[in-house]
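Please consult the sequence and the structure shown here alongside the text.

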Amino acid sequence: MRIRLFDVPMDFGANLRGVDMGPTALRRAGLKEALVRLGHTVEEEPRLLRVAIAEHAQPGDPSVRFLDVITQGCRRLAEHVEQACTDGSFPLVLGGDHSIAVGTLAGLSAFHKKKKHSWGTLWIDAHADFNTPETSPSGNVHGMSLAASCGWGHPALKDLYSRGRKLDPANAVVLGARNLDPGEKENLKKAGVKVLTMADIDREGIAAIADQALRYLAGRVDEIHVSFDVDSLDPETAPGVGTPVPGGMTFRELHLLMETLSASGRVTSAEVVEVNPVLDVRNQTARVAVAMIESLLGATIL
Ligand SMILES: [Mn+2]
């Protein structure tokens, strides 16, 4: 496979500084070498994004902080993701905080629409990122990105790159959720997003839940985008995240999920977000994230 890497050093959507160093941490953890070892060709997009430093920027509207700089970055990312797809490459976006998914999904949507592909998204996350400016307790855009992509929220986000929603919420699955805001829960129900929680994984096991997510999406769409927030992992495995929540997936659980997705042959794009080296221990989180991406992109045990 030809994989095009996008470094998106964006941290304006999150509360804490540090995720802007996520792409570097993933590369230091050997991402590119791992992809080459798997037999992939790696293409680079080295000058995609240069964002300002948060200390020099004004947050603006407190209900949707740093909206301008985030939308600028996301528009640029959308163009490049669409181009990668048009060129026949697999876009692999390295965040940055989860607000960048607004750009990734806008680019994917433009491409799939043009090609008349059906597509969906598996959102692997401790949160659902389905807040709107009205329901968000923090005003941080990284908690609004799936909602915006599904046509919910601030016009500058939901109409980014093209008017209207990018993703049918019926083709979105959130997996691993364990920390949802009250208004966000209402939004998810109204929008009709399928949510598989940590409680579901506890009850049925990750193998059954991975199959369920995949069967649901495969029954509806041909192509799947994987949006992987590293805070889906338990903080003991992945401490370097901005919003750690106890009780996440184990190393083995997430590996099995990634292996199941890879075996389906339906994953045609992915992103990995919220790696925060400032909060990490010896780059452990980036190393775990790289291992997960390897499984998603073809590594098998035997
Ligand atoms: Mn997230």
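The points below cover the metal site, a histidine, a helix and a methionine. The model is predicted: local features need pLDDT of at least 70 and side-chain atom pairs count only at pLDDT 80 or more, while totals for chains, interfaces and linings use all residues. Residues are numbered from 1 along each chain as its sequence is written, and side-chain values use heavy atoms, with hydrogens and water left out.

**Manganese site**
- The manganese ion has the protein donors H98 (ND1), D125 (OD), D129 (OD) and D229 (OD), at 2.0 to 2.2 Å.
- Donors are N, O and S atoms within 2.8 Å of the metal (3.2 Å for Na, K and Ca); water is not among the atoms, so sites may look incomplete.
- Along the sequence, the spacing of the donor residues is H-x26-D-x3-D-x99-D.
- Helices (H or I, at least four residues) and strands (E, at least two) are DSSP runs, numbered from the N terminus.
- Both H98 and D129 are buried, where buried means under 20% relative accessible area, exposed over 50%, and partly exposed in between (1.4 Å probe, protein chains only).

**H127**
- H127 is located in the loop between β4 and α5.
- H127 counts as buried because its relative accessibility is 13%.
- The side chains of H127 and D231 are joined by a polar contact of 3.1 Å.
- A polar contact is a pair of N or O atoms within 3.5 Å; within protein, one must be able to donate a hydrogen and the other to accept it, and residues adjacent in sequence count only if both atoms are side-chain atoms.
- Beyond its neighbours within four places in sequence, the contacts (heavy atoms within 4.5 Å) of H127 include V174, N179 and L180.

**Helix α7**
- In helix α7 (residues 182–191), the buried residues are E184, N187, L188 and A191.
- These residues lie on the same side of α7 because they cover an arc of only 100° around the axis, the arc being that of the directions from the helix axis to the C-beta atoms.
- Exposed residues P182, K189 and K190 are on the face of α7 turned away from its buried side.
- The cover over the buried residues of α7 includes β6 (194–197).

**M249**
- M249 is located in the loop between β7 (223–229) and α10 (251–264).
- M249 counts as buried because its relative accessibility is 0%.
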